[in-house]
Amino acid sequence: MIEANLDSVLSFARTRPRQLALADLESGRRWTYAELDRAADGVAAWLVARLGPASGARVAVIARNCAETMLLHLGAIRAGAVFVPFNWRLAPAELEALVADAEPALVFHDEDFAGVAAQLGVETVSLAALDGMRGRPPEGAKRHWEEPATLLYTSGTSGRPKGVILSERNAFFGCLNFVLGNDVGRDSVFLCDMPLFHTAGLFAAARVPLLGGGAVLVTRGFDPVKTLDRLGDPALAVTHYFSVPQMAQMLWQQPGFDPAKLRNIRYWATGGAPNPAAQIERFLDAGIAMSNGFGMSETGSNYGTPMDDPAKVIAKQGSCGLPYPFIETRIVGENGEDLPPGETGEVWLAGPSVTPGYWNRPEENEKAFVGRWFRTGDAGWVDEEGWLYVVDRRKDMYISGGENVYPAEVEAVLAELEAIAEAAVIGVPDARWGEVGRAYLIPRAGHAVDAGSVLAHCASRLAKFKVPVTVAIVETIPRTASGKVLKHVLRDLAKEEMGG
């Protein structure tokens with residue numbers, strides 16, 4: 001009997017062995033599907049020899065983006081181990097906490113993090129050693145596709161990161177959603193400079209093209225100058241790109257930005273944070289197919305904006321688009337009731353891409369799930385045509401004079417101002433109104449930001465209770481590696497600034 005093949009790299013190694021699958025733009029190394037298949041087998045054989053087949057042992061990595069991380073990821077899956085990419089931006093104490101939680105058997109590293117890895121109290125292996133790994137894993141080494149295969153630690157916007165368990169079934173359907181929603185095929189070329197320890201990098205930008213039979217070009221990380229050059233390089237012929245809205249804004253503001261050079265991009269997907277409507281319209285007007293979407297580490301790719309009708313996308317400004325095929329959605333009120341179109345509630349999702357839960361966190365799982373439904377913690381609503389509008393994280397909402405204020409809505413209005421490069425809004429205590437808004441703004445290079453003018457603009461576009469009361473001009477806004485604003489850090493900063 002021939003077993004079902006659930007491995008797209010193996011499939012394409014048989015049907016299109018000489019087609020490019022993976023390239024590292026820093027080292028210049030390239031792997032066809034046949035070469036990638038052999039390399040993943042070699043890593044898997046080595047891991048099985050060390051850990052045993054279908055061990056479920058955690059294999060961690062701490063490294064900046066490189067193709068070797070993808071080889072380790074694919075090899076760990078074939079060996080029946082659990083791949084755990086660590087956020088290299090974390091402090092040693094934070095990494096030690098992740099090690100204590102995941103209990104990895106091995107920690108792989110690149111040259112930059114050899115010293116850090118050595119301090120974690122776990123056996124370390126250089127990613128360079130992958131070059132010498134040869135052979136094939138034994139039959140039965142891989143675990144069942146519903147068993148944990150990857151452990152992604154959330155970016156921790158509100159505190160201690162949680163390990164999101166993802167099976168290969170979750171990964172397959174999450175990636176398939178993106179494939180079907182963004183016209184991914186054998187001629188697709190993805191530029192991946194989102195971090196590979198994040199779902200956007202590892203799955204949306206790297207595993208998706210490998211599932212669709214295309215190619216992924218891995219870079220060391222986002223660099224506005226290099227990224228812009230690569231997106232416009234006809235030799236690379238990038239067709240798909242994923243970024244957070246902040247990255248798109250930085251690229252737009254680069255001196256050499258030329259929309260004409262980017263029109264080969266069929267889908268520029270954005271996610272990770274609300275993408276201001278003004279920015280989406282700016283890109284679409286310039287002829288760049290920007291597709292806003294919605295997804296999470298816990299749920300994979302869920303929503304995207306269809307690009308067949310740019311005029312409709314503009315008419316639906318601020319929307320995350322329509323649901324991908326393998327996702328179900330509910331908008332739920334405070335009492336657990338389903339809300340009708342147009343009413344804001346919590347977004348609940350279900351489907352085969354949704355995580356079975358958090359690693360070692362039974363109490364968190366109790367909070368996060370209602371039967372098969374995952375509570376995203378995001379506030380949103382759908383219109384009569386099923387287009388989703390994510391208003392903000394529920395925990396970031398504040399109440400001013402009895403009215404709910406979603407900071408993302410205010411941030412979208414601030415993004416309309418040419419002089420503002422970045423904006424973040426939080427609620428701060430107020431004796432009269434309970435809470436009021438405080439806006440943190442980074443001026444665009446060469447521009448001055450006048451607080452009075454900013455507030456006047458907000459007053460012309462928003463209800464009075466939504467208009468920030470105070471403005472702070474800053475040089476940086478704290479963010480996670482995936483671009484999400486660390487609102488809890490801003491709240492702590494505001495307490496210091498305001499003497500609280």
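Arginine 330 places its charged end over the ring of tryptophan 373, 5.3 Å from the ring centre. Lysine 162 has its charged end over the ring of tyrosine 358, at 5.1 Å from the centre. A charge sits over a ring if NZ of Lys or CZ of Arg is within 6 Å of the ring centre and within 35 degrees of the ring normal.

This is a predicted model, where local features need pLDDT of at least 70, side-chain atom pairs count only at pLDDT 80 or more, and totals for chains, interfaces and linings use all residues. Residues are numbered from 1 along each chain as its sequence is written, and side-chain values use heavy atoms, with hydrogens and water left out.

**Aromatic pairs**

The whole structure holds 16 aromatic pairs. Rings of Phe, Tyr and Trp (its six-membered ring) pair if their centres lie within 6.5 Å; planes under 30 degrees apart count as stacked, over 60 as edge-to-face and the rest as tilted. In one of the pairs, phenylalanine 178 and phenylalanine 190 have ring centres 6.2 Å apart and planes at 55°, so this pair is tilted. Phenylalanine 178 belongs to helix H6 (residues 168-181) and phenylalanine 190 to strand E9 (residues 189-192), so the pair ties together parts twelve residues apart in sequence. Helices (H or I, at least four residues) and strands (E, at least two) are DSSP runs, numbered from the N terminus.

Tyr241, Trp252, Phe257, Trp268 and Phe283 form one aromatic cluster.

**Two crossing helices**

The axes of H9 (residues 245-252) and H10 (residues 277-285) come within 11 Å and cross at roughly 50°. Axes are lines fitted to C-alpha atoms, for helices over the stretch in contact, with angles from 0 to 180 degrees between N-to-C directions.

**Positive phi and exposure**

Most residues other than glycine have a negative phi. Alanine 54 has a positive phi of about 45°, in the loop between H2 (33-51) and E3 (58-62). Glutamate 103 has one of about 50°, in the loop between H4 (92-102) and E5 (106-109). Buried means under 20% relative accessible area, exposed over 50%, partly exposed in between (1.4 Å probe, protein chains only).

| Residue | Relative accessible area | Class |
|---|---|---|
| Alanine 54 | 33% | partly exposed |
| Glutamate 103 | 54% | exposed |
| Phenylalanine 178 | 5% | buried |
| Phenylalanine 190 | 2% | buried |
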